[in-house]
Structures are given as structure tokens and as C-alpha cells.
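Please keep the sequence and the coordinates at hand while reading.

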Amino acid sequence: MDAPDGPDVPESGGPSDPRREIDAPNDPGGVDVPDVLAEVVDADTGEGELERTIGLTGGLAIGIGTMIGAGIFVFPGLAAENAGPAASLSFAIGAVVALLVALPASELATAMPRSGGGYFFISRGLGTAPGAVVGLGLWLGLVFASAFYLVGLGSYAGQVFLEAGIALPVDPAVPLGVAFGVGLTALSLFGTENTASLQNGIVAVLLVILTLFLSYGSLDALGVFGTESTPERFFPPGGLLPVLQTAALVFTSYLGFAQVATVAGDIKDPSRNLPLAMVASVLVVGVFYVVTVFVATSAFGSARLGEFGETAMVEVAREFVGFPGAIAIVVAGLLATFSSANASILSASRAVYAVSRDDLIPASASRINLRYGTPHVALGLAGGPIVVLAATGQVELLAEVASFLHLVMYGLICVALIRLRREGPDWYAPSFRCPAGFAVAGVGALASFALIAFMQPASIGIGIAVMVAAYGWYRYYSTDVELKGRF
Amino acid sequence: MTDTTPPDDPTRTETDRPAVLVPLEVLEGESPPTGTPDLLANAHVVLLGYHVIPEQTATEQAREQFGETAMAKLEGFAGTLAEAGATVEVRLVFTHDERTTIDRLIYEHDCLAVLVPNSTERVEEVLVAVRGTVGIDRNARLVAGLFAGTDVAVTLYHVLDDDETTDDGETLLNGVKAELVDRGMDPDGIEVVVEDAAAAVDAIARHGEAHDAVIMGETDPSVTTFVFGMPSEQVAERFLGPVLVVQRERPEGEAEE
């Protein structure tokens with residue numbers, strides 16, 4: 001943690017206070033220097049200041065906690081079925097695309113450390129229309145993502161019954177997912193206990209279990225003990241195409257890094273912690289994903305993995321370490337999908353708040369309930385559709401639509417960076433500058449849009465329909481709102 | 001903002017008026033209790049209104065909705081305190097974690113003490129619990145700053161450690177008394193009490209009942225940094241009157257977790 005401002009440099013003293021002079025727009029935001037960006041944003045407007053309470057650890061926990069559930073505990077079976085051992089390449093491609101977006105997003109976040117993340121950057125950088133499409137798209141994108149995580153969570157909860165030897169007449173994944181969706185929404189409506197430390201703990205436990213399991217699995221696969229497995233042909237019969245299609249499918253596993261930016265308003269020392277948390281969380285989960293697929297495909301043939309479906313990793317663990325391994329992975333899977341689902345529901349509610357604050361939807365959507373201090377309307381707007389979508393149980397479709405809506409946003413984040421650097425408005429003074437900005441953002445935008453092309457037609461259709469509907473809403477409700485450059 | 005201290009005069013709060021943080025959970029209906037304006041008439045009061053928001057809510061969101069109401073209430077409280085003679089600085093913070101906020105403000109305003117806001121009918125007799133030699137200077141600055149030149153009677157109180165004699169205790173307290181007199185207090189208004197008691201917290205709370213307010217130190221610095229460390233919290237709960245918790249000096253760059 002950084003040192004706080006000394007008593008002679010109060011962080012906030014009101015707009016008319018001479019101590020609040022901001023004279024260093026490119027302040028490095030180093031350890032002993034008060035965070036200039038944070039000061040500008042938190043400036044007391046006569047209605048109170050905002051405490052920033054999330055440090056670097058908390059930021060990393062949000063990023064990793066949101067992402068790791070999907071890539072390790074839901075996708076390996078599906079991905080291996082489609083792309084064979086080359087599915088690890090699919091995950092690597094996803095990581096590269098995510099990094100290409102995370103770097104420009106970091107620059108934008110340090111110039112605009114406000115709640116709302118990608119939506120905020122795009123509406124301020126590119127204008128209201130793209131902002132509205134992305135803002136409403138982000139809300140629904142997170143709704144789809146949450147529903148996807150809930151089905152994953154349901155699968156692991158169902159696995160508990162299997163491990164306990166209780167036979168159920170129907171596959172319990174979907175009903176359990178729906179039940180968890182209702183439960184989590186209620187929890188976020190009425191639960192006022194702070195869950196940050198819980199989230200940090202969950203992520204720490206997960207990383208320990210996974211590191212142990214993957215180290216063991218890798219050593220085994222390489223033949224250090226046991227028998228070296230004969231690797232099957234790396235590329236699937238279709239060549240590179242299935243690999244790219246799989247990359248588009250599993251990209252949902254990388255949606256979490258931008259969630260760090262949606263709570264940018266709560267992050268301490270944002271100039272330093274935002275870029276670090278975003279980039280580092282992508283790198284960490286990327287490595288875990290690639291190794292996971294390597295271990296999984298060395299334990300079983302790809303086709304067999306595909307049969308195991310969402311809970312393939314449980315069988316992989318059983319193969320290596322027997323029943324205790326299976327139990328460990330079931331527990332880890334429950335924790336991971338739970339934390340992903342929970343984080344996404346909360347992010348979806350933040351997205352609703354961000355668009356409502358800007359008058360793109362009625363202000364009543366972000367009303368806070370004084371008794372519980374929670375935004376009940378926004379949480380309802382998130383939780384309701386999430387439960388409905390989870391009931392469909394369409395794992396791959398939900399994942400792809402979520403990825404589609406996020407990829408549109410990611411591409412536009414890159415475009416916004418290029419445009420803001422070109423125009424260089426006065427307020428644009430990021431403290432972190434993306435290296436080779438134009439090149440990275442250019443490739444990032446192209447890669448984001450290109451990945452969409454490899455999705456199933458149904459996902460692309462639903463994604464486009466959502467965007468058209470969002471644009472229609474903007475034309476109907478908020479053409480008179482001007483957001484470009486507004487703070 | 002109500003800021004009656006010229007911000008460009010850094011020596012003022014240091015020498016003239018001890019800075020005291022008064023935290024109020026303003027939207028939960030907390031207000032400065034009866035007696036607070038009298039107790040802090042000579043202080044530089046940092047009046048902190050805070051509102052704790054669950055993590056699922058953005059702090060901006062709460063400020064937008066409740067900021068104006070909360071600020072208006074605080075300004076009203078600040079007026080009452082200023083009428084009694086205090087200089088007042090108002091801070092309103094929307095936070096997910098009150099500890100972080102209170103800690104930050106103590107540090108930013110270099111507060112000598114934090115008030116546990118309980119009510120009292122009058123301010124005539126104050127109990128000052130002295131733990132040891134550490135932090136005596138800050139204790140003395142606070143007590144003299146608040147009560148020098150007033151009619152308030154001060155009782156200096158020390159509970160003996162196992163290896164201390166009554167003489168040791170009296171030497172300690174007389175040292176504090178001399179320091180208070182140096183700072184302008186009337187020696188006739190200062191009483192010294194040394195006692196051998198089993199549980200310091202019980203003893204302080206018991207003695208507090210005969211007084212209108214208690215001033216005591218922070219919990220053992222090696223154990224916790226939280227302002228309402230257990231002993232002072234326990235005293236406040238039993239004594240039911242206002243407790244001023246003297247904050248230890250914070251070394252540079254240490255105040256955060």
C-alpha cells in the first residue's frame with residue numbers, strides 16, 4: 001500500500017481551498033506522492049468526498065476472481081472437444097487479445113478513473129451513440145456472462161450430488177444455477193456485510209489448489225512420474241479454423257479484467273493500481289488456462305474430455321489423484337464459479353448505474369435503498385434477466401453472446417484510445433501510457449472485431465440484435481444527451 | 001465547507017488548539033451529543049460525517065443521492081460547535097470502510113484525539129487516565145489545550161503496574177501535572193490519584209462515573225491501530241459519557257494497513 005498524503009498535503013479540502021491546486025497533470029502517482037487523478041475525481045463538490053478502499057490486492061482479486069471460474073472449471077472439456085490439445089493455443093490467443101485491450105484500457109482508466117469502466121471511456125471519447133450502445137451492451141453482456149457462470153456453478157453443485165452417490169432424475173445443473181441466481185441477487189440486495197475480504201480469501205484458496213494440482217499434473221504429463229502420456233496430434237483435423245473458433249468461444253474467460261475498471265472509482269492510487277491489476281490478472285489467468293488445457297488433454301483424449309462436459313476437470317483430477325483430487329476440484333469449481341457469478345452480477349448493476357447517471361436510462365434505475373444502502377432497481381435489472389437466461393442452460397450460446405458484447409466494447413476502447421491521442425483534449429492526461437499506443441490499440445481493435453467473426457451465427461445474430469435494440473433505445477430516449485468529453 | 005481555521009497557518013492547530021476528530025454516522029441519525037460543544041469549546045474540531053456503503057454500491061452513487069442532505073446536517077452541527085467557541089472543519093466521506101476513513105482523517109488533520117460521542121450534562125470534572133511515559137506530551141497538549149483557563153477540574157489517574165510502587169506512580173503523575181501547569185493550567189484544579197487495581201479498564205470506568213468525561217490513550221500501539229481500541233471502547237460502553245481517545249504519534253508513512 002502506498003503511504004497516504006502527509007498532513008501538510010490534505011487530500012481534499014473543498015474546491016475553493018487553495019491547498020487543492022493541481023499543478024502536475026502528469027504526476028507519476030508514485031509511492032509518496034498523492035494521487036493527482038484520484039484527487040481530481042474525488043474532489044469534494046460540497047456534497048462529500050469518496051473513500052477509496054480497494055488496494056492492489058483487492059483489484060487483482062476482482063480481476064482474477066471474475067475470470068478464473070470460466071476458463072478452468074467450465075471450458076476445458078468443451079474447448080478440447082472442438083480444438084484438441086490446440087485448445088491451449090486458443091486460450092493463448094484469447095490472452096493476447098485481452099492483453100492488447102488491457103493496455104489501452106489501462107491508459108484510459110488512469111485518465112478517467114471513474115466507475116463505469118469501458119462504457120465511460122467510450123462515451124467520453126467517442127460520443128453518446130457509441131456510448132449508449134456499449135453501455136447498454138455492457139449491462140446485457142454481463143447479464144449473459146453471469147447466466148453462463150451460474151450454469152457452470154449449477155454443474156458443480158450437481159457434481160456434489162454425484163460424488164455423494166445421490167442419483168437425481170434430471171440433470172440438476174440448470175435448476176441449481178437458477179436457484180443460485182435468485183440467491184445471489186437477494187444476497188446483493190440485502191447483504192450489507194463486506195464481502196471483499198471473503199473474495200480475496202476465495203481467490204487465494206483457488207490459486208493454491210490450482211497451483212498444486214497443475215504442478216502435479218504437468219509433472220505427470222511430462223513423465224516425471226507415472227507414465228508419460230502419448231500426446232495426440234496437436235492440431236484438430238480442421239486445422240487452424242477450429243482453434244480460432246474455440247478462441248472466440250473461450251474468450252468469455254477473459255472478460256474479468258475490464259471489471260477492474262468498472263470499480264475504478266473505489267481503487268486507491270488508481271494511476272498505479274489500475275494498470276497493474278488489469279495487466280497482471282490477464283497474465284496470471286492466461287498462464288493458468290494454458291497449463292490447465294495442457295494437463296487436461298494429457299490425461300484424457302480430447303473426445304473423452306468433451307463427453308465430461310462442464311465438469312471435465314473433476315475427472316482429470318480423479319485420474320491423477322483419485323477421489324480426494326475430485327473433491328478438491330469440485331470445491332474449487334464451486335468457489336470459482338460462485339465468485340465469477342457474484343462479481344458479474346455486481347458489475348452488471350454498476351453498469352446500470354453508469355448509464356443511468358448519464359441519463360441514458362431513467363435516473364430511478366440507480367436509486368439506493370437507504371435501509372440497505374444497495375441499488376435495488378439496478379440489482380433487479382441485473383438479477384432478473386440473469387435468472388431467465390440461466391434457465392435456458394445454453395452454455396455455449398450464453399458465453400459467446402457475452403463475449404460478443406464485450407468484444408465490441410473492447411474494440412471501441414481501442415478506437416477511443418486512438419481518437420483521444422489524436423485529438424489530445426485538455427482533460428486527457430493519463431499517467432500510464434500504453435507502450436506503442438497506436439500499434440497496440442490498432443491491432444487490439446482489429447483482433448477484437450476479428451474474433452467475433454469466428455463465433456456461431458446464432459450468437460452473432462443475438463449480439464447484433466442487442467446492439468440494434470440499444471441503438472434504437474438511444475434514438476428514442478436520449479438523443480439530446482451529449483457525453484463526449486463530459487465529466 | 002466550514003473551515004474557520006486559515007489553512008495556510010500550519011502552526012495554529014499545533015500550538016493553540018488541539019485537533020479533535022468527531023466522527024458521526026450522520027445519515028444514521030447520529031448528532032453531536034449533549035455536552036460536546038462545551039467539552040470541545042477550545043478545540044479545533046474536525047467534524048467527520050461518514051456514511052458506510054456496502055460494496056455492491058458505488059460511493060459516487062450514494063453521494064449523488066444523499067450528499068446534499070448529509071452536508072446540510074453537518075453544517076448545522078458545525079454551527080452549534082462553533083457557537084460554543086470551537087473552530088470547526090467539516091468533512092463528509094462516503095466509504096466502504098469506516099476504519100480506513102477515520103484513520104486517514106486522523107492522519108491528515110494530525111488529530112490529537114478522537115471523540116467517542118456520548119452525552120454528558122455538564123463539563124466540570126474530567127478524568128485523565130495516564131498509562132505511562134509514552135505519549136505524555138500529546139496527553140498534556142490535549143488536556144491543557146482544552147481546559148487551560150477554564151474552571152474544569154482535572155483528575156490525573158494512574159493504575160500501577162505489577163513492578164511499580166506508589167511513589168513511581170506519583171512521580172509520573174506529578175511530571176504530567178508540572179507539564180500541564182507549564183502549559184497554563186491552574187495547579188489547584190489538578191488532582192493526582194494513584195491506585196493499585198486489578199483491571200485497569202474496570203478501574204477507569206468506575207472512576208469515570210464520578211466525572212463528566214474521560215481522556216485516555218489508544219490501545220497498546222503494538223497490538224492495534226484502530227482508534228476505538230478495545231479498552232477505550234469498553235470504558236466508553238460502561239461509563240456512558242464522552243471519551244476522548246488520545247492518538248499516538250504516527251511515524252511517517254505508517255498510517256496505512
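A:S339 is placed in helix α14 of chain A, residues 323–357, where helices are DSSP runs of H or I with at least four residues, strands are DSSP runs of E with at least two, and both are numbered from the N terminus. The model is a predicted one, in which local features need pLDDT of at least 70, side-chain atom pairs count only at pLDDT 80 or more, and totals for chains, interfaces and linings use all residues. Residues are numbered from 1 along each chain as its sequence is written, chains are lettered from A and ligands numbered from 1 in the order in which they are written, and side-chain values use heavy atoms, with hydrogens and water left out.

With a relative accessible area of 1%, A:S339 is buried (buried means under 20% relative accessible area, exposed over 50%, and partly exposed in between, with a 1.4 Å probe and protein chains only). A polar atom of the A:S339 side chain lies 3.0 Å from the backbone oxygen of A:G65. Leaving out residues up to four places away in sequence, A:S339 touches A:G65, A:Q199 and A:I202, contact being heavy atoms within 4.5 Å.

## Helix α7 and its buried side

Helix α7 of chain A, residues 173–190, has 18 residues and reaches 26 Å from its first C-alpha to its last, close to the 26 Å expected at 1.5 Å a residue; the expected span is 1.5 Å times one less than the number of residues. Its buried residues include A:A173, A:G177, A:G181, A:L184, A:T185, A:S188 and A:L189. They cover an arc of only 140 degrees around the axis, which puts them on the same side of α7(A), the arc being that of the directions from the helix axis to the C-beta atoms. The cover over the buried residues of α7(A) includes α6 (128–163), α14 and α15 (376–392) of chain A.

A:L405 is in helix α16 of chain A, residues 395–423, and counts as buried at 6% relative accessibility. Not counting residues up to four places away in sequence, A:L405 touches A:G137, A:L140, A:G141, A:F144, A:G463, A:V466 and A:M467.

## Chain B

Chain B has eight helices and nine strands, and buried residues make up 54% of its 257 residues. Of the contacts in chain B with a separation of 6 or more, 81% are accounted for by residues 24 or more positions apart.

B:P33 is found in the loop between β1 (19–24) and α2 (36–39) of chain B, and at 14% relative accessibility B:P33 counts as buried. B:P33 touches B:P117, B:N118 and B:S119, residues up to four places away in sequence not being counted.

Terms used. A polar contact is a pair of N or O atoms within 3.5 Å; within protein, one must be able to donate a hydrogen and the other to accept it, and residues adjacent in sequence count only if both atoms are side-chain atoms.
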